[in-house]
Amino acid sequence: MAMNKVKINSDVELKDRLVAINRVTKVTKGGRTFTFAAIVVVGDGNGVIGWGLGKAGEVTAAISKGTEAAKKNLVKVPILKGTVPHEIEARYGGAQVFLRPAAAGTGLVAGGAMRAVLESVGVKDVLAKSKGSSNPHNLVKATILALSQMRDAYTVAGARGISMERVFNG
């Protein structure tokens, strides 16, 4: 399924959130060289989400590179009353995620990288479970894949050739 890519406007306020930092060591004849890789998630809290990976010799430079990469790779996600429209399961690499809608007041029941993605996209109530790998790279990608595969009632009705006015008005 094609992802709903979004172009950013200057008036959209995107908040970045650091998911993980990885220190990489390269050992050479001259000694050890340290570099850093940062996974960053950006979102507007209203259904737009993106992720990026930045690599640099310093942590701050890696985070800023990750943020810029995330802004180039945004997708639109349907959010219904603060939760996801329906259950969904997605897999990326060894990471498998499961998202289920929850009643208002339940809160965000998710851990680690999934929590960062769901908070950034603006989901308030959801039950989430990650199975398999706990690698933050793959968890972020699997969660965004699951969210991008979500469809709301209007999208499904349009695909079936039904107008929503007919559904609500009889």
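**View 1. Surroundings of the threonine 83 side chain.** A polar atom of the threonine 83 side chain lies 2.5 Å from the backbone oxygen of aspartate 125, and a polar atom of that side chain is 3.3 Å from the backbone nitrogen of alanine 102. This is a predicted model, in which local features need pLDDT of at least 70 and side-chain atom pairs count only at pLDDT 80 or more, while totals for chains, interfaces and linings use all residues. Residues are numbered from 1 along each chain as its sequence is written, and side-chain values use heavy atoms, with hydrogens and water left out. Threonine 83 is placed in the loop between β5 (74-76) and β6 (88-92), strands being DSSP runs of E of at least two residues and helices runs of H or I of at least four, numbered from the N terminus. With a relative accessibility of 9%, threonine 83 counts as buried (under 20% relative accessible area; exposed is over 50% and partly exposed in between, with a 1.4 Å probe and protein chains only).

**View 2. Isoleucine 63 in helix α1.** Isoleucine 63 belongs to helix α1 (residues 59-71) and is partly exposed, its relative accessible area being 22%. Apart from neighbours within four places in sequence, isoleucine 63 is in contact (heavy atoms within 4.5 Å) with Leu18, Ile21, Ala38 and Val40. Leucine 18 is 45 residues away along the chain, yet its C-alpha atom is separated from that of isoleucine 63 by 7.4 Å.

**View 3. The pairing of β2 with β3.** Strands β2 (residues 15-28) and β3 (residues 31-43) run antiparallel and are joined by 13 bridges, where pairing requires that DSSP finds at least two bridges between two strands. A hairpin of two residues connects β2 to β3, and lysine 26 has threonine 33 in β3 as its bridge partner.

Conventions. A polar contact is a pair of N or O atoms within 3.5 Å; within protein, one must be able to donate a hydrogen and the other to accept it, and residues adjacent in sequence count only if both atoms are side-chain atoms.
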